[in-house]
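Please consider the following note on the model shown here. Comments are set out as numbered points.

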Amino acid sequence: MVYPLPRQHCADGTAVLLCNIVSVETKCVISQCLCIVHVKMADEAVCVGPAPTNKSYLNMDAIMDAIRATGAQAVHPGYGFLSENKEFAKRLAAEDVTFIGPDTHAIQAMGDKIESKLIAKAAQVNTIPGFDGVVKTAEEAVKIAQDIGYPVMIKASAGGGGKGMRISWNDEETREGFRFSSQEAASSFGDDRLLIEKYIDNPRHIEIQVLADKHGNALWLNERECSIQRRNQKVVEEAPSTFLDPTTRRAMGEQAVQLAKAVQYSSAGTVEFLVDSNRNFYFLEMNTRLQVEHPITECITGLDLVEQMIRVAKGYQLKHKQEDIPINGWAIESRVYAEDPYKSFGLPSIGRLSQYQEPINLSKVRVDSGIQEGSDISIYYDPMISKLVTYGATRAEALARMEDALDNYVIRGVTHNIPLLREIITHPRFISGDISTNFLPEVYPDGFKGHQLEADKRRELLASAAALYITTQLRSQKVLGSLRVPSSPIECNHWELCVELGEGHHSMEVTKSGNVYTVEVDGGKVEVSGQWNLASPLLPLTINGTDRMLQCLSRDASGRIVLQYLGTSLRVLSKLAAELNSYMPEKVPEDTSSILRSPMPGTVVAVSVKPGDTVAEGQEICVIEAMKMQNSLTAVRQAKVKNVHCKPGETVGEGDLLVELE
Amino acid sequence: IPVLTSFRSLAPVKHGAVAAAVPQTNLRRDCRWYSVSHLSVKERIDKKRTAALVGGGQKRIDAQHKRGKLTARERVELLLDPESFVESDMFVEHRCSDFGMEQDSNKFPGDSVVTGRGRINGRLVYVFSQVQLHNSMVSPDFTVFGGSLSGAHAQKICKIMDQAMTVGAPVIGLNDSGGARIQEGVESLAGYADIFLRNVLASGVVPQISLIMGPCAGGAVYSPALTDFTFMVKDTSYLFITGPDVVKSVTNEDVTQEELGGAKTHTTVSGVAHHAFENDVEALLNMREFFNFLPLSNQDPAPIRESHDPSDRLVPSLDTIVPFETTKAYDMLDIIQTIVDERDFFEIMPNYAKNIVVGFARMNGRTVGIVGNQPKVASGCLDINSSVKGARFVRFCDAFNIPIITFVDVPGFLPGTAQEYGGIIRHGAKLLYAFAEATVPKITVITRKAYGGAYDVMSSKHLRGDVNYAWPSAEVAVMGAKGAVQIIFRGKENQAEAEAEYVEKFANPFPAAVRGFVDDIIEPSTTRKKICRDLEVLASKKQVNPWKKHANIPL
C-alpha cells in the first residue's frame with residue numbers, strides 16, 4: 001500500500017502502524033523535505049520530489065511512478081493534497097490500483113461545493129441559503145452578495161480547511177475577498193472557482209462522521225464539535241459535542257447518512273454542519289476523506305477508521321450496525337501548531353525543533369505527528385506539529401488530561417501555540433460548553449496576550465523562578481577537581497531577590513532547607529520543592545503541596561528565566577543587581593511606523609507599491625504567502641514609499657525588511 | 001574628590017549607612033581635613049577611608065547613573081560574591097608636584113582606581129575598576145586629572161597583577177579611563193608601560209579579562225589588547241587609538257565615536273572585542289558566568305562543575321542533521337548545542353568571522369573549548385579573519401589546560417586576490433600553528449567536508465589529534481568531486497561518469513579511515529557519549545613540546 005504523507009508535520013502515524021498490524025506492507029512517499037518518522041515506520045519509502053508540494057505530493061506523475069516502482073496494490077491518500085482529487089482517483093483506477101476512499105463520482109459530487117449543495121438539497125438535507133453557481137468576476141460577486149444579503153462567505157469551490165475562504169460584510173471586502181480567495185484557491189487546489197453563500201453569524205461547527213461500504217450500508221459515528229477555530233481553521237475539537245441532544249444528534253446523523261447514500265458513498269467521510277443557537281443545522285460540505293480530527297471519533301466509538309477504510313476498499317461489508325455505535329466517554333483534540341499565538345491567534349513560525357518530547361508517557365494521551373527532535377518546520381507545508389488527543393470517562397477528565405499533556409509537551413526551536421491551547425481548554429466559557437466559531441475573537445477581542453495571572457498563581461510562578469535561580473547559582477559554586485579549597489566555604493540559605501514579571505517588580509525573601517525553598521513574596525508564603533535537574537526541559541515541582549509541571553524554556557547569565565507555566569517570561573536578580581539595574585537606561589526600540597517588516601517567514605506573492613507611490617492608511621503594500629496562507633500587509637499610516645526591498649517570488653524570513661516609508 | 005564611587009563595599013555596612021554618617025555638604029571639607037594635624041591617627045584613618053569609600057558624593061554617583069553607568073565600586077560589588085571584596089591600596093595618593101597638583105585639595109585616597117581581590121562563586125579573582133570622571137561634573141580644580149592614569153594608579157594595578165601571578169588567579173580589569181594624566185607626563189607613560197609589561201608576563205600564566213565600560217583611548221587600549229578577552233558594553237564604551245577629532249584632522253574622515261570604536265565596530269568589523277553586552281549589569285553578570293568556565297591559572301586544571309546532563313545521553317537528531325546534498329548548509333551551532341551539557345555554550349566573537357564558531361562549553365561538567373566551521377556562513381571556508389579568530393582561541397585553551405573539541409566541515413581556504421593580498425598564507429598558518437603546538441586533549445569530529453589543506457589545519461590526526469572521529473557523512477579529500485575531476489580528467493569526455501567514480505572513491509570517510517587518519521567512523525547520535533568518555537581518559541594526558549625560549553608563531 002502506498003501512503004502519501006498527508007502533511008509534512010501531521011501525517012497520520014497511526015494509520016501507517018495499523019497497516020503493519022493487519023500485515024499490509026506499507027510504503028510511503030515523501031518529498032525531499034524528509035519526514036523521518038514515517039520513513040522509519042514504513043517498510044519502504046519513495047521520494048517523489050523536492051519540498052514544494054506542487055513538485056512532490058501534488059505531482060501525480062511522480063506518485064504514479066512510485067506506485068509502479070513499489071508494486072503497490074492500494075493507496076491511502078491521507079488528508080489534503082490528492083485525497084479529494086478525482087483525477088488522481090481516476091488514474092489509479094486506470095492502473096487497477098485501489099484507492100482507499102470513496103468512488104470517483106462521490107469525490108466529484110461532494111468535492112464541488114456547488115454540486116454538493118444541489119445534491120444535499122435533493123437528499124432533503126438542510127442547506128444554507130446561497131448562490132448555487134460559480135462566481136466569475138468580483139463585480140458579479142458583489143451583486144450576488146447584495147442579493148443574498150450581507151454578511152456572506154466567499155469560498156473556493158474545490159477547497160477545504162479554511163483555505164481560499166473569506167467572510168465579507170460589504171462590497172469593498174467582497175471585491176478584496178474575491179481576489180484573495182481565487183488566488184489562494186488557485187495555489188492550494190489548482191482550481192480558482194468560487195462560490196458565495198449566506199454567512200451564519202455565531203454558529204457552531206459540528207460535523208458527523210459517516211462510514212459506508214460498497215454494499216449500500218452506511219452508519220453515522222456521532223459528531224465532532226469543531227467550533228474553536230481561528231481564520232476558519234480548527235484548533236480544538238471534541239467528541240461528543242456538549243451542545244447536541246440525542247434528538248438533534250439523530251436528526252443530523254440521519255441526514256448525513258441520507259446524503260452518503262444519495263451519492264453511493266463508500267469509505268469514511270464527514271458531513272459538516274453549521275448549527276445555530278436554536279440547534280437548527282445546515283449542511284456545509286462533505287469531506288470525502290479521513291479528517292484530521294478523526295482520532296476523537298475513534299476514541300469514543302472504539303472503531304479504527306483507517307482499518308474500516310481498508311476493509312471497505314477491499315469490498316467487505318460493514319461489521320457494525322447503527323445501534324452498535326456507542327458514545328463512550330469524551331475525547332478532546334488540540335492541534336499543536338508551529339505558530340505564534342500572540343499574532344492574530346497564530347502566524348506561522350519556522351525553525352528547527354531543537355528539543356522535542358511528546359507527552360506520550362501519560363495515560364490516555366495520543367499524539368499523532370510526523371516529526372521528531374531535529375526536524376525542520378518549513379514554509380512549504382501546513383504549520384501543524386501534531387494532533388494531541390486525550391480521552392477520559394467524562395469531559396472533565398479528558399480536559400484535565402489535556403492540561404497535563406500540554407504542560408508536559410516539550411517543544412523548543414519554534415514558536416508554538418500551546419499557551420493558547422492551554423488557555424482555551426481552561427477557559428470557563430469553554431469548560432461550560434458555551435462556544436461558537438467566534439469563540440477566539442469574542443474571548444480575546446484584542447488578540448491573545450498570554451495568561452492573565454491571578455495573585456496566587458503569580459506568587460507560585462515568582463517563587464518557582466526564584467527557586468530555580470537560586471538552584472543554578474548554588475550549582476555554580478559546586479566546582480569539582482579544583483586544586484584549592486575556598487578559604488571560607490560559602491554557606492548561605494537565605495536570599496533577598498527581586499523578580500521582574502512584566503511591568504511589576506516583586507521583592508522576595510527565600511530560605512532553603514534541603515530541597516525545599518520557602519519563598520515570601522507579595523504578602524504570601526510559597527513552598528517549592530523539586531528534584532531540580534537543570535539539564536531537563538521539564539521541571540516537575542511541588543508548589544504548596546500541589547504537583548505542577550513547569551518547563552524552563554531558557555535561562556541566562558543575566559537572570560532571565562522563561563518558564564512555561566501559564567507561559568511567562570521573568571527576570572530574577574539579586575537585590576543588589578535589581579537596585580543597580582534600575583539605573584540602566586532603556587534602549588529605544590526601532591521606530592517601526594516607517595518600515596514594514598515581514599511578520600513571518602514566507603514567499604512574497606505580490607508587491608503592490610513602488611518607490612515614490614503614496615499609500616493610504618490600511619492600503620495593501622504587499623502580500624506574503626506562508627504555509628499556504630496569503631497575508632496582506634498594509635500601511636499603518638499615510639506615507640510615501642521610500643524603498644522596496646522585496647520582489648514577488650522572493651523568500652523572506654521573519655523580520656526581514658520589506659518596504660521603507662518616508 | 002576624584003573617587004567617583006559608591007561606598008557599598010565597606011563590608012558589614014548596609015547600603016546607605018555611610019551616606020547618612022557623612023553629611024554631603026561637608027564632603028569637601030572632610031577631604032581637606034586629612035592633613036589637619038590636630039586629629040589623631042585613628043581619626044585620620046577613618047576620615048581617609050570614608051573619603052575613599054564615598055568617592056565623589058551622591059551628586060557624582062547620580063551623574064554616573066544618569067549616563068546609564070555604574071560607579072567603580074558598584075561594579076566591583078556586583079561582579080564579586082557578596083562581602084568577598086578585599087581592597088588594597090585605599091590610601092595610595094598621587095605624587096605629582098607640578099601644576100598645583102601637590103595641594104592636598106588635589107589629592108585623593110585611592111587615586112581614581114579601586115583594586116583588590118575577591119571571589120566569584122567562591123573562586124579567587126583579582127580586580128581593578130577604574131574611576132571615570134566626566135568633565136562636566138567636575139569643578140575646575142579637578143577637571144585636569146579626573147579619572148586619568150597616574151603613576152600611582154598604574155602602581156596599584158601592577159601590584160594586584162603581581163599578586164595574581166604569585167598565587168595564580170585571574171585578573172579582571174574594569175576599564176573606564178580618560179587616558180594618561182597629562183600633568184604627570186612621562187611618569188604616566190611609564191605607568192602604562194608597567195601595566196603592559198605585566199600583561200605580557202601574565203599572559204599564559206593567569207587568565208586576564210578586560211571589560212570596557214567607558215572610553216578607553218590612546219595608549220590605554222593596549223592593555224585590553226594584550227589580555228585574553230576583551231568585552232564591551234554597548235553604547236557606553238569606546239576603544240580607539242585616536243578619537244574622531246584627530247581622525248578628522250589627519251585623514252579628513254568624518255566618523256562618530258560609536259562608528260570608530262563602539263561595541264558594534266569592535267565585535268563585528270575589527271575583531272578587537274570578543275563580546276558586547278547591553279549594559280553594565282548584564283555585562284557584569286555575564287562576566288560571572290564566563291568566569292565559571294576558566295581555570296584559575298595555567299597550573300590549575302579546567303574546572304569541572306556539577307553536571308545534571310547524563311554523559312551517555314544519545315542525540316538522535318544528529319543522525320539527520322547533515323543534509324544529503326553536500327552543497328546545502330546547516331547550522332553548526334545546532335550540533336554544538338545538542339552535544340554539550342545543557343545546551344550551554346558561551347560563544348566568543350559570535351558576530352565576527354562567523355564562518356568559524358568558537359566558544360566555551362562543558363562536557364560532563366568539564367570546561368572544553370569548542371571550535372567549529374560554520375557551513376551556514378561562506379560554506380564554512382577558512383579566511384584571514386576566521387583563521388586568526390580560531391588560532392587565538394585555540395592558543396588560549398592550550399595555555400590554560402582546556403581540552404579542545406573541533407567540529408570540521410570545511411571546503412578549504414577562501415580563494416581570491418583580497419585574501420591573498422591580505423596574507424591568507426601567513427594568517428592561515430596561525431591556525432595551523434595553534435592546533436599543531438597545542439598539547440591539551442584534542443578531539444576532532446569531521447561532520448562533512450574536510451577538503452585540502454584546511455583538512456590538515458582543522459586539528460587533524462597529523463597535528464597530534466588525540467581522537468579523530470568521522471561521521472558517515474564525512475568526505476576527507478583534496479577537493480570536491482567536480483574540481484578534482486576537472487583536473488584529473490582535463491579535456492576528457494564523460495566528466496559526469498568520472499565525477500561519479502570520484503564521489504564513490506573519495507566522498508566518504510573510508511580513504512581516511514583505512515589509513516588510520518580517523519580513529520573511528522561513528523554514529524552521530526553517539527558523539528556526546530564518545531567525547532565524554534574520551535575526555536575522561538585524556539584527563540591525564542601529558543605531552544611536552546621541545547624546549548624553546550618561545551615559539552615563533554607567524555604573526
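The points below begin with conventions and then turn to chain B and chain A.

1. This is a predicted model, in which local features need pLDDT of at least 70 and side-chain atom pairs count only at pLDDT 80 or more, while totals for chains, interfaces and linings use all residues. Residues are numbered from 1 along each chain as its sequence is written, chains are lettered from A and ligands numbered from 1 in the order in which they are written, and side-chain values use heavy atoms, with hydrogens and water left out.

2. Chain B contains 22 helices and 18 strands (DSSP runs numbered from the N terminus: helices H or I, at least four residues; strands E, at least two). Of its 555 residues, 58% are buried (under 20% relative accessible area, 1.4 Å probe, protein chains only).

3. In chain B, 74% of the contacts between residues at least 6 apart in sequence join residues at least 24 apart; contact denotes heavy atoms within 4.5 Å.

4. Helix 5 (residues 72–79) and helix 13 (residues 280–291) of chain B pack at about 35 degrees, with axes 9 Å apart (lines fitted to C-alpha atoms over the stretch in contact; angles run from 0 to 180 degrees between N-to-C directions). Helix 5 of chain B contributes Arg75(B), Leu78(B) and Leu79(B) to this contact, and residues from helix 13 of chain B include Asp280(B), Leu284(B) and Arg288(B).

5. Helix 16 (residues 455–476) of chain A reaches 32 Å from first to last C-alpha over 22 residues, close to the 32 Å expected at 1.5 Å a residue (1.5 Å times one less than the number of residues). In helix 16 of chain A, 16 of the 22 residues are buried.

Notes. Buried means under 20% relative accessible area, exposed over 50%, partly exposed in between (1.4 Å probe, protein chains only).
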